[in-house]
Each structure stands twice: as C-alpha cells, then as structure tokens.
There are 2 protein chains.
Amino acid sequence: MASDELPATYRDLLERPLFAHLATVRPDGSPQSSVMWFGWDGSRIRMTHTKTRQKFANLAVEPRVALSIVDPEDPYRFLEVRGVVESIEDDDAQASFYRQLQARYGRDGAVSGQSVRVVITVRPESFVAVRGGKVVPG
Amino acid sequence: MASDELPATYRDLLERPLFAHLATVRPDGSPQSSVMWFGWDGSRIRMTHTKTRQKFANLAVEPRVALSIVDPEDPYRFLEVRGVVESIEDDDAQASFYRQLQARYGRDGAVSGQSVRVVITVRPESFVAVRGGKVVPG
C-alpha cells in the first residue's frame, strides 16, 4: 500500500505550513504522538526540537518515525510519511533553523529553549496517501 | 508530564467530532500514524476499523496506542491520549457503531467494509495536554 515516491497530488501537504503528527516509539515499546512544525526541501523533513524532551530520548533508541499530515480543507485527505531520523544536530547560536520554521508558520517572538535546540532530519522511506479512507496509488 | 486524568479544559477535544491521529507500532517495531474518527463516552475511546488492514494486525501484536487531537481553531492546543486496546469486537450486522460515528461526523452513505467492521475500544491510561509547546498541568 505504501509507495516509495511522494504522490505529486499530495506534495502540497508537505509544502504548506501544516501541522504534522509525529509518531515515535518510546524505550518501553509504546507509541507516542505529538504535533510538530516541520520543513520540507523536496527530499527531507526537518523538525525543531529540544534535547530535554521525551521525543528526543525516544529517537536515540528508535530512529524510525511516522508523520501524518491532514489537509485542513478536507480532513478525509491525508498523507502518512514513514522514515528514519538521519541526523540530529544542534541548531546554531542564533537558532536559525527554529527562526526559519517560525517564519514559515507566521509566528514571531522569543526562541524557547534556544540553548538546547536541535534540528531533526528525517529521510522519508515511504508514503501513504489516503483519500476518504482509501489509499491513493502512488 | 503526563496526567492520569483528562484535564477538564481539554475535554472538548474528545467530545467534538475532531480527527484523531492514531499512533500504533508495527510488528517490526516501527511506528505508524493514521487519521481516524473516534467516539468518546467519558471513559473510553472507540474507533471503527476493518479486520483487513495493517493497523488491525499491529494492534494484535502491540495493544498500546497513542492518539493526538488538535483544536482546529488553535493548532497550538492539542491533547495526546496514551492507552491500551481493551477489546476489538465485530460491529453488528447493521454496522451500528460505524453508523453512529458516521452521524457524529455528519456523513452519510454506504458502509465501507461492512462485513469486516470492528469496534476498537481504547482505555486511556494517561493524558498530555499541550498549549503552545508547553505541557498544561493536569
């Protein structure tokens, strides 16, 4: 059911500043689901996070993740991306990546947790595009 | 950070017909995330599903799940529910539970997969209420 390629008709869900629900696996094997900002450059998903939170600890043990992103104009249309955390790197001293996402999402204000901000890079491995409960062929 | 009780100020996210992102764990240990209808009776979350899909197989191996639900009027306000699948039972011959959810979500039309429809009941074990990236005390 999953496709290796992002279906072209679902690309907008990664290009728009929507909210991704990130599924990770906790060290005890149970799942966790959190709502996240993300960026997309055509090949990688990048998220900002802090080193002090549970999700960060989860990813160190289990780097496989899944993200689901719904079209806010049509909640019966959504994309699931399954992938692997390729790198987790410190954001720079200006928290440039955080500020880039902040601008993408039309927010401003102070950077929270600036000294412990990291950039999580996810390499997608497969895509599931869904419309009205049915998988759309990739 | 997680609370045993549903914070009263987040109850609306379970009572309204919103869309839950359900995180499950696949037999290979990787996470999966899907968008689902759900019902809430004050103590249990119930979802409709078919026996023929991957999520159904996942739950047979790993009954722990997480759901995240965003306030569509304020995407910086969301609730995560962590819980365990307590039962998976066949829907009745009229697919009554499916039709009940269909009505809750303001939809009509034929029941898809009627003969293999099941009711998944989740017992919540903890709640994480988030506002603007910060956990709201329970």
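Going from the N terminus, chain A orders its elements as α-β-β-β-β-α-β-β-α-β-β. That is three helices and eight strands. Before I go on: what you see above is a predicted model, and the values I quote are computed from it.

Next, overall shape. If you draw a box along the principal axes, the C-alpha atoms of chain A fill roughly 45 × 35 × 20 Å.

How much of chain A is buried? Of its 138 residues, 53% count as buried, meaning under 20% relative accessible area. As for contacts, take those in chain A with a separation of 6 or more: 68% of them are between residues 24 or more positions apart.

Now the surface. Chain A has an accessible surface of about 6100 Å², and carbon and sulfur atoms hold 48% of that. On charges, chain A has 18 positive and 18 negative ones, and their mean positions lie 4 Å apart.

Last, the contact between the chains. Chain A puts in 35 residues and chain B puts in 35 residues. Together the two chains bury about 2800 Å², with 57% of that on carbon and sulfur atoms. Which residues of chain B lose the most area to chain A? They are P31(B), S33(B) and Y76(B), and together they make up 22% of what the chain B side buries. You can look for those three in the structure above.

Terms used. Residues are numbered from 1 along each chain as its sequence is written. Chains are lettered from A and ligands numbered from 1 in the order in which they are written. This is a predicted model: local features need pLDDT of at least 70, side-chain atom pairs count only at pLDDT 80 or more; totals for chains, interfaces and linings use all residues. Side-chain values use heavy atoms; hydrogens and water are left out. Helices (H or I, at least four residues) and strands (E, at least two) are DSSP runs, numbered from the N terminus. Buried means under 20% relative accessible area, exposed over 50%, partly exposed in between (1.4 Å probe, protein chains only). Contact means heavy atoms within 4.5 Å. Accessible areas come from the Shrake-Rupley method with a 1.4 Å probe; for residues, only the protein chains shown count as cover. Lys and Arg count as positive and Asp and Glu as negative; His and the chain ends are not counted. The place of a charge is taken as NZ of Lys, CZ of Arg, CG of Asp or CD of Glu. Buried area is the accessible area (1.4 Å probe) that two parts lose on being put together, summed over both.
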